Amino acid sequence: MPRRRLVSILAAVSVAIAGAAAALLPMTASNAAAACVTAYSSSQVYTGGMTASYSSHNWTAKWWTQGETPSTGGSGVWADNGTCGGGGGTTTPPATCSYPNWVAGQYYAAGAIVRYTNGLYYQASHENPGYDPVISTWYWSPYSCSGGGTTTPPPTGSGSFPVTEAQFNQMFPNRIGFYSYAGLIDAVKKFPAFTTTGSDTVKKQEAAAFLANVNHESGGLVYVEEINQANWPLYCDRSQSYGCPAGQNAYHGRGPIQLSWNFNYKAAGDALGIDLLNNPDRVKNEASVAYQTAVWYWMTQRGPGTMTPHDAMVNSRGFGETIRSINGSLECNGGNPAQVQSRVDAYNRFTGILGVTPGANLSC
């Protein structure tokens, strides 16, 4: 800065002040924090892509979540979109309930509201061909309304899962870090009927049965992918109209119950709201997604059996029937008694940890 005369100094100061003032003007328009979207609510169900503001930050949900405060920790369900200020929006007051009963297999457009068999109401977040609202939670969200009574979301959180973290660690002393307890609990939230049906004994038996099969399929929560890579090309069913877009070798076993085949990746992804057909590696890279596929199979698939593993346990058909639904075509009826016994041994050990009797019909 020239310093020969005071006039020059004063002129330079004036220019600097004017320049600073000019610089402040575009700052307020271009560099201000984004407006805060609607505030986070612990009772709200958030599906992939939905946003909420919390602690002066905007957040985006990566997949289904409820009751999990936005942060960069936990299960990793929330993505931090940066700081925000002001805004927040308003919520629409609930409407009066006078909606039809849900019908399985009936097409529902996005926004449709139905009354489920549990007396609660659900709104279609995405169009779907009649998926079950309490299972396919990417397609449906709990809906509260006045007049017909205020609905409450299904129970969530680790409190509804009858296995503590200490018991979980006792069951799986050699598990790898990927298979975290937090990831399991996040997945359990997506399926409100899982381990919450029947007496306390039945709930614990179902949890033990699920974890015993998981133990067998994943080598004690050690393996995320099928070990025998020679089998990897065998799980692409080209007769399906959607084919195998991720590649011939892409649909091998992954996760706690070793999700396999392109049609299973497609069905699981559709139900969970995750594109697993094109991105099957999400099952090996995201703990919650891995567990979600396992619980999805448990709650919705019969496999080579006659009922879902969940139905087998809550209807007193016994642990052996869950084996039949998962791998009965290869193991049951004398197919591989050693494999069956491995599952039964784990089930007996886990029910012992939970302090309940294993019940009858343990083998298949």
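These are legends for close-up views of one predicted model. Local features here need pLDDT of at least 70 and side-chain atom pairs count only at pLDDT 80 or more, while totals for chains, interfaces and linings use all residues. Residues are numbered from 1 along each chain as its sequence is written, and side-chain values use heavy atoms, with hydrogens and water left out.

**View A. Helix α5 crosses helix α7.** Here α5 (residues 262–272) packs on α7 (residues 287–300) at about 100°, and the axes sit 10 Å apart. Helices are DSSP runs of H or I with at least four residues, strands are E runs of at least two, and both are numbered from the N terminus. Axes are lines fitted to C-alpha atoms, for helices over the stretch in contact, and angles run from 0 to 180 degrees between N-to-C directions. The pair is therefore roughly perpendicular (65 to 115 degrees; under 35 is roughly parallel, over 145 roughly antiparallel, and the rest oblique). On the α5 side, Asn264, Ala267, Ala268, Ala271 and Leu272 make the contact, and α7 answers with Gln292, Thr293 and Trp296; contact means heavy atoms within 4.5 Å. Sorted by class, that gives five nonpolar, three polar and no charged residues. In this scheme Ala, Val, Leu, Ile, Met, Phe, Trp, Tyr, Cys and Pro are nonpolar, Asp, Glu, Lys and Arg are charged, and the others, Gly among them, are polar.

View B. Just past the end of α5, Gly273 takes a positive phi of about 75°.

**View C. Asn213 and its surroundings.** Asn213 belongs to helix α4 (residues 200–218) and is buried, with a relative accessible area of 0%. Its side chain makes a polar contact of 3.0 Å with the side chain of Arg343. A polar contact is a pair of N or O atoms within 3.5 Å; within protein, one must be able to donate a hydrogen and the other to accept it, and residues adjacent in sequence count only if both atoms are side-chain atoms. Setting aside neighbours within four places in sequence, Asn213 touches Trp298, Phe319, Thr322, Ile323, Ile326 and Arg343.

**View D. The Cys36–Cys84 disulfide.** With a disulfide taken as a pair of cysteine sulfur atoms within 2.5 Å, the count comes to three. In this one, the sulfur atoms of Cys36 and Cys84 are 2.1 Å apart. The S-S torsion is about 90°, so the disulfide is right-handed. Cys36 sits in strand β1 (residues 34–36) and Cys84 in strand β4 (residues 78–87), so the pair ties together parts 48 residues apart in sequence. Cys36 and Cys84 are both buried.

**View E. The Cys236–Cys244 disulfide.** The sulfur atoms of Cys236 and Cys244 are 1.9 Å apart, and the S-S torsion of about 110° makes the disulfide right-handed. Cys236 and Cys244 are both buried.

**View F. The Cys332–Cys364 disulfide.** Sulfur atoms of Cys332 and Cys364 lie 1.9 Å apart. The torsion is about -85°, so this disulfide is left-handed. Cys332 is in the loop between α9 (319–331) and α10 (337–354), and Cys364 is in the segment after α10, 32 residues apart. Cys332 counts as buried at 4% relative accessibility, and Cys364 does at 18%.

Note on methods. Buried < 20%, exposed > 50% of the residue type's maximum accessible area, 1.4 Å probe, protein only.
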